[in-house]
Amino acid sequence: MAKTINLQVKSDFVKYFKSGYPLINKDAIKNSEVLKVEGTIIDLFDDKNQFLAKGYYGTQNKGRGWVLTRNKQEEINQVFFQGKIKQALDYRKALFEDPETTAFRIFNGEGDGIGGLTIDYYDGYFVMSWYSEGIYRFKDYVIEALTNLVSFKGLYEKKRFDDKGTYIEDDDFVAGERANFPLVVKQNGIHFATYLNDGAMVGVFLDQRDVRKTIRDKYSEGKHVLNTFSYTGAFSVAAALGGASKTTSVDLANRSKPKTIEQFSVNGLDYAAHDIIVEDVFNYFKYAVRKQLKFGMVILDPPSFARSKKHTFSAGKDYPDLLKQAITITEKNGIIVASSNCSTFGMSKFKGFIEKAFKASGETYKILEEFSLPNDFKTIKEFKEGNYLKVAIIKKES
Ligand code: SAH
C-alpha cells in the first residue's frame, strides 16, 4: 500500500474531527489534490499542524474517506481490521445464539469503527458490502479476519462504489461454497427467501426486524392490512402471521409479485388468500378512495427518492402528502405504520410531517410506538446521519 499522506483540515471543520465525527467530507479538506490512490492511509492535521485523526481515502458521495483511529501510532493493518471485526462479532453474540433469527448485520460501517463497510450474516453466509473503491482495497484483510474468527459456509460481496454508491453488476461470490438459492433465513421466526447473488437487494431489509415482529405480535389480528411499497411483501407476511384477515400488497415493480408469492409460501401461508398488486401506489390510493375502501392498518415504507411514470416522490418533501392519502383510507382507530430510511431528516422532523398531515386532514392521532435501527445496526452518536431509520406506529383516533 502507498505511504501515508497528510491532509490539512479547514479550520471550520477541525472541531468536528476533534469531537469524533468520522466522515472525511470533501469540503473539509484544504489540499484534496494530493488524494490520488483510493485506499491510501491519510493523516488529518489542523491548521497548527496538530494531528487530528488517521483514516483512509475512499470516494463515497461527498465523502472522501473515513476516520479509523485518533491514535497516530496505530497501524491500519490486518490486526486493526481483525480487532474491529472481532469486537463487532462479540457485540452480536445474543443474535448468533437466537434460534429464531438467522439473518442480521454483524458489521455496520462507522458504527463499528470502519466506515464504508457493512457485513451481513445469512445463516452461515456472510455478505460484505463495499461502499468505495478505497475500502475495497482492504478486502483481503476482511476476508482473512472472517476466516480466522468464524466458520462460514461462504462469502459474498456487493460492490456499491460507482460515484452514486449504486451497485456494480458482478458475480457476487467470493469464497467458500456457493449457497443454493433461495437461501431461506429467519428473523423472529419469520422466514425470508433470499438471493445473495442477485444484485444489491437480496430480498429482505434486515433493519426492520423489530418493526415486523411488533406488527405481527401486537397490531395485525383481524385487520385488513394495506402494505404500500411492498417489495417482497415482508410486512404483509408479518401481518398475515399475526392474524390479519387479509393483506393487500402494492408495488410497481413487476418482480414484486412472484417475490411476494414466494415470501408467503416459505412461511406456509396461502398467497391466494391475499391481494398482490403491481401498480403505482399513488394510483392505488385514488382507486381506493373511489371504491371507498378502508383499511385497519396501512403500512408506508417508500424509498427516500423514487420516480415513476407520473410521479416523483422525495421523502423529505412529499411524506406529509403520502400520509394524508393514507389517513383518508384508514378506519377510525386504525393503525398507520409510517417508515422512512431517508438520512436527510431525523425523528423530530418526521414527527412534524405526521403532525402536519393529520392537521391538514382534520383528524386526531396518537403515536403508539417509535422505532429506529435495531441494535445490530450499531450507530455512534457522533454520526447522526448513520441512524437513518424512523418508524412511527400511529393510531388514527377520529
Ligand atoms: N417495504 C419493503 C421495502 C420497500 S423498498 C420491505 O419491507 O421489504 C421500496 C419499494 O418501493 C421498491 O420495491 C420499489 O419498487 C417500490 N416503489 C417505488 N416507487 C413506487 C411507487 N410509486 N408505487 C409503488 N411502488 C413503488
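Reader: Which atom of the ligand lies 3.2 Å from an N or O atom in the side chain of Asp280, and what makes such a pair a polar contact?

Author: In this predicted model it is a nitrogen atom of the ligand that lies 3.2 Å from an N or O atom in the side chain of Asp280. A polar contact is a pair of N or O atoms within 3.5 Å (within protein, one must be able to donate a hydrogen and the other to accept it, and residues adjacent in sequence count only if both atoms are side-chain atoms), so the pair at Asp280 qualifies. An oxygen atom of the ligand is 2.6 Å from a side-chain N or O atom of Asp251, and a nitrogen atom of the ligand is 2.9 Å from a backbone N or O atom of Val281. The protein covers 91% of the 590 Å² of accessible area that the ligand has on its own (Shrake-Rupley method, 1.4 Å probe; for residues, only the protein chains shown count as cover).

Reader: What are the conditions on a value taken from a predicted model?

Author: Local features need pLDDT of at least 70 and side-chain atom pairs count only at pLDDT 80 or more, while totals for chains, interfaces and linings use all residues. Residues are numbered from 1 along each chain as its sequence is written, and side-chain values use heavy atoms, with hydrogens and water left out.

Reader: How many residues surround the ligand, and which are the closest?

Author: The ligand is surrounded by 16 residues, the closest being Phe229, Asp251, Leu252, Val281 and Asp301; a residue is near a molecule or strand if one of its heavy atoms lies within 4 Å of it. The residues of this shell divide into ten nonpolar, one polar and five charged.

Reader: Why is Phe229 called buried?

Author: Phe229 has a relative accessible area of 17%, and buried means under 20% (exposed is over 50%, partly exposed in between; 1.4 Å probe, protein chains only), so Phe229 is buried. Phe229 is found in the loop between strand E13 (224–228) and helix H7, where helices (H or I, at least four residues) and strands (E, at least two) are DSSP runs numbered from the N terminus. The phi of Phe229 is near 55 degrees, a positive value in a residue other than glycine. Most residues other than glycine have a negative phi, and most peptide bonds are trans.

Reader: Which peptide bond is cis, and how do you know?

Author: The peptide bond from Phe181 to Pro182 is cis, with omega near 0 degrees, and Pro182 lies in the loop between strands E10 and E11.

Reader: Why is Ser308 called buried, and which residue is joined to the side chain of Ser308 by a polar contact?

Author: Ser308 has a relative accessible area of 16%, and so is buried. The side chains of Ser308 and Asp280 are joined by a polar contact of 2.7 Å. Leaving aside neighbours within four places in sequence, Ser308 is in contact (heavy atoms within 4.5 Å) with Leu252 and Asp280.

Reader: Why does Thr102 count as buried, and what does Thr102 touch?

Author: Thr102 counts as buried because its relative accessibility is 16%. Thr102 lies in the loop between helix H3 (93–97) and strand E6 (103–108), and, not counting residues up to four places away in sequence, touches Tyr121, Tyr122, Asp123, Val185 and Lys186.

Reader: Why does Glu100 count as partly exposed?

Author: Glu100 has a relative accessibility of 39%, and so counts as partly exposed. Glu100 and Gln187 are 87 residues apart in sequence and 6.1 Å apart in space, C-alpha to C-alpha.

Reader: Which residues of the largest nonpolar core touch the most other members?

Author: Of the 40 residues in this core, Tyr122, Leu196, Ile215, Met297 and Val337 touch the most other members. A nonpolar core is a set of buried Ala, Val, Leu, Ile, Met, Phe, Trp, Tyr and Cys residues joined through side-chain atoms within 4.5 Å. H7 gives the most to this core, with six residues.

Technical notes:
Nonpolar A, V, L, I, M, F, W, Y, C, P; charged D, E, K, R; others polar.
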